[in-house]
Amino acid sequence: MKKSLIAIALASTFLSGCGTSDVNTSDVKSEVTTPSKQAELGSFGVDLTARNLAVKPGDDFFMYASGTWYDNYQMPADKTRYGAFTALADRSEKQVKEIIDDIAARDNLNAEEQLIADFYNAYMDTETINKRGITPIQPTLDSIAAIDSTDDLTTLFGQSWLIGSTSPIGGGMWFNRLDPNQYEMSIGAGGLGLPDRSYYLEDSERFVNIRKAYVAHIADMLAFAGIKDGQARAEAILALETKMAEGQWPREKRRNRDLTLNQIKREDLSKQYPGFNWDRYFAQTGYQVPQLNISQPEPVNAMIALINNEDLAIWRDYLTFHTISNNAELLSEDIYATSFDFYGKTLSGQQEPRPRWKRAVEQMSGTQSLGFAIGKVYVARYFPESSKQQMAQLVENLRTALGERIDGLDWMGDETKVNAHAKLKAFTPKIGYPDVWQEFDGLTLSRTDLVSNITNLREFFRADSVAKELEKTDRNRWGMTPQRVNAYYNSSFNEIVFPAAILQPPFFDPNADPAVNYGGIGAVIGHEMGHGFDDQGSKSDANGIQRNWWTDQDRVAFDAKADRLAEQYSQYEPIPDNFVNGRNSLGENIGDVGGLSMAYHAYKLSLNGKEAPVIDGLTGDQRFFLAWAQVWREKRTEQSMLNQLRGGTHAPGRYRALAPRNHDAWYKAFDVQPGDALYLSEEERVRIW
């Protein structure tokens, strides 16, 4: 839940992948998804037992596709949501655990295996961890207690990346949006302990109660540092964070790339953002920072004002709380349990902590941990090369389909279409795993000291980032490890990335019916391609440079369609008086609606003019849309849903499952008629890509 802005990381540098192909319908291949064995789910790749046939598809397509499962599934006590992504994540976790157990049971380990074994043993050594209590971070707490000036405070803010604390001003190394071959420090405002600024600023009973619980939690955490009068000091921390929230932009504004591109030379920084000791701040990080980008100009100035005007004693308490809180998972079980009681139970509805081994796997699997060392073994053990080849063909089929769809757009002129095709042709797909693996030379870890291991990892990746700051951007790095169940689009490199772990049912099954693979992983591919053409990704060109490649007329037409989609999703009300933020989730919703169109188009091309067979009484189109809906099958706690609505960029899964209501073929496939709850007239259906 809580993450410091100072995640000094090249977690988001990526790898150059395969070449591209010209757009040509003859490129579409159908044989890559022809099943040769039994599908994992059902007879053809969809779990038909999950459906609730008493629900009309046109009234609630989510419940029609997954309603029986939804009504009967019992949420495990250690989860806040469960769905297709979660099921695969559980599978991946178990597979990673097997890898770690195998390594830990052997002698004569190589250097990377020894790192894995040592870290895992240190994490699982609760006896040692409990004996040490809070002492592993006591030196940091002592430094915080000694803060006697704003310069001292700035020093600690600059060290947040290392000590695992937080800061109202922070950022990390990213790409220069006007020259993706260069790295550039990006600075913004942050430092809140609750999921979103709205948790501080809204006065409904729900949020008032959360804030009361937050104050009580802060006081409990301060007690671990020996602070007795915690209630009053906790209230002062909440008041400070409320002022921080007031000075920050809402999430939908932070998405706007036109507003967040504000480059500045280092020598001009103090002139435009005075009152903050930038030299001292950057000295803690090691970066030279010849140029940087201020992603939130007014909020950064607002944070500077608070740094200078708020009592140092409150800032000391603020840093003390967040340092304990952010490191709670690494400390004794009583500290972790207190942290979980608020962030798990109260804020997320999670009734029990995840088993410790799962938390260890999660801690080890990130890009700023040992994730790629583990991922190398994961790929060798669990990811067949044939899946990579089949996936590569699907990507090219989706590229072909999108090319044809661009040609057929009636709202886009020829000049913009030329640029759109150039961008599509330049898409670089990365599938499964990196071609060049992260190396860990020079990293040392202990079998008995978990906090020092985390510190060493932070130092290791920071040093790697500092060393590359002035070099050409490294495209041989991924922003996700192979065992991560997810996918992403990186606009700076114009690349779409699909880790190995997502290439499994229900997303992808080499033995499933083609309609299922196109409705599953095909639509996911289309979704990531769609990010290159969503309301923000469309502001970068084929080379990843942020610039306007649209005619004014075409951009107006696109924005009008996007506005209608934002309005459509904003009508969904998962919790009384709490709606989907259609503006904040717009990029993801464009990705869903557009990706589904691309995948359906590619599926039809793959049939080569033939009719798809009827299987188990379902047409090809019905199987396609069912596959999509079951990808977004999920159940979640109300608290988790609220976190998603206020702090996330995606609509909840049950509403992502409804994207087909914008597609004509869905109406025909399921005989959706006027009067059905999801029915949209042809004029109301949003068709962008």
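**Entry 1: Asp414**

I looked up Asp414 and found it exposed, because its relative accessibility is 62% (exposed means over 50% relative accessible area, buried under 20%, partly exposed in between, with a 1.4 Å probe and protein chains only). Asp414 is in helix α20, residues 414-426. Helices here are DSSP runs of H or I with at least four residues, strands are runs of E with at least two, and both are numbered from the N terminus. I also checked Asp414 against Ala373: the two are 41 residues apart in sequence, and their C-alpha atoms are 47 Å apart in space.

I note that this is a predicted model, where local features need pLDDT of at least 70, side-chain atom pairs count only at pLDDT 80 or more, and totals for chains, interfaces and linings use all residues. Residues are numbered from 1 along each chain as its sequence is written, and side-chain values use heavy atoms, with hydrogens and water left out.

**Entry 2: rings**

I searched the whole structure for aromatic pairs and got 52. Rings of Phe, Tyr and Trp (its six-membered ring) pair if their centres lie within 6.5 Å; planes under 30 degrees apart count as stacked, over 60 as edge-to-face and the rest as tilted. I picked out Phe383 and Tyr433, an edge-to-face pair at 6.2 Å centre to centre with 80° between the planes. Phe383 is in the loop between α18 (371-382) and α19 (385-407), while Tyr433 is in the loop between β6 (428-432) and α21 (450-468), so the pair links distant parts of the chain, 50 residues apart. Both Phe383 and Tyr433 are buried.

I then looked for charges over rings, which requires NZ of Lys or CZ of Arg within 6 Å of the ring centre and within 35 degrees of the ring normal. Lys97 lies over the face of Trp357 at 5.6 Å from the ring centre, and Arg654 lies over the face of Tyr70 at 5.5 Å.

**Entry 3: a sheet**

I traced an open sheet of three strands in the order β6-β8-β7, with mixed pairing. Two strands pair if DSSP finds at least two bridges between them. β6 and β7 (488-490) are the edge strands, each pairing on one side only. β6 pairs with β8 (residues 495-499) in the parallel sense over five bridges, and Pro429 has Ile496 in β8 as its bridge partner.

**Entry 4: helix α1**

Buried residues in α1 include Phe61, Tyr64 and Trp69. Among the elements that cover the buried residues of α1 are β1 (81-83) and α25 (620-631); contact means heavy atoms within 4.5 Å.

**Entry 5: Gln644**

I found Gln644 in helix α26, residues 638-647. Gln644 is buried, with a relative accessible area of 18%. Leaving out residues up to four places away in sequence, Gln644 touches Arg636, His650, Ala651 and Pro652.

Most residues other than glycine have a negative phi, and most peptide bonds are trans. I noted a cis peptide bond between Pro505 and Pro506, with omega about 5°. Pro506 is in the loop between β8 and α22. Asp577 is not a glycine, yet has a positive phi of about 70°. Asp577 is in the loop between α23 (552-569) and α24 (586-606), and is exposed at 67% relative accessible area.
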